[in-house]
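Biologist: Could you please take me through a single part of this structure in detail? I am new to it and would be grateful for a connected account of the nonpolar core.

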Amino acid sequence: MPRSNRPRRSSAGRASAGRSGPGKAAAGGKHGSGPVPELDLERARAGIARRENAPDGVWMVRTMTARKAEKAYICPGCSTAVLPGIAHLVVWADDHIFGAAAGLAERRHWHTNCWTSRNFRYR
């Protein structure tokens with residue numbers, strides 16, 4: 001007997017497929033049984049900023065994936081370009097003297113290695 005390549009449905013799905021009566025959701029309704037998209041963990045984690053405490057202050061650090069990096073920036077750590085398509089970090093001061101909005105307005109894009117290897121020498 002040849003095998004079937006069709007996806008199998010549960011018996012409940014077969015019984016109610018094509019019928020939409022009172023109390024049942026229509027195909028475009030709130031409880032549609034369409035496929036659930038797979039969660040992209042990289043994308044979910046990328047938009048969340050984390051707080052880092054350092055000798056030079058409290059920083060909010062957000063990861064920018066290579067897929068989302070669309071513009072060129074100058075890294076304050078090495079003074080070279082962070083090119084489009086390169087994963088990097090977006091960093092801003094959480095304890096800015098003029099408030100959180102001012103710290104966010106002065107955010108900078110760092111190479112990941114430049115941020116992790118920065119030093120805290122004071123002049």
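Modeller: The account below describes the core and the contacts of one of its residues. This is a predicted model, in which local features need pLDDT of at least 70, side-chain atom pairs count only at pLDDT 80 or more, and totals for chains, interfaces and linings use all residues. Residues are numbered from 1 along each chain as its sequence is written, and side-chain values use heavy atoms, with hydrogens and water left out.

A nonpolar core is a set of buried Ala, Val, Leu, Ile, Met, Phe, Trp, Tyr and Cys residues joined through side-chain atoms within 4.5 Å; buried means under 20% relative accessible area, exposed over 50%, and partly exposed in between, with a 1.4 Å probe and protein chains only. The largest such core has 10 residues, namely Trp59, Val61, Cys75, Val82, Leu89, Val91, Ala93, Trp110, Cys114 and Trp115. Two or more of these residues come from each of strand 2 (57-64), strand 5 (88-93) and helix 4 (112-116). Helices (H or I, at least four residues) and strands (E, at least two) are DSSP runs, numbered from the N terminus. Strand 5 supplies the largest share, three residues. A second, separate core has five residues, among them Met60, Ala69, Val90 and Trp92.

Leaving aside its neighbours within four places in sequence, Trp110 is in contact (heavy atoms within 4.5 Å) with Cys75, Pro76, Gly77, Val82, His88, Leu89, Val91, Trp115 and Arg118.

By contrast, Ser79 counts as exposed because its relative accessibility is 58%. Ser79 is in the loop between strand 3 (73-74) and strand 4 (81-82).
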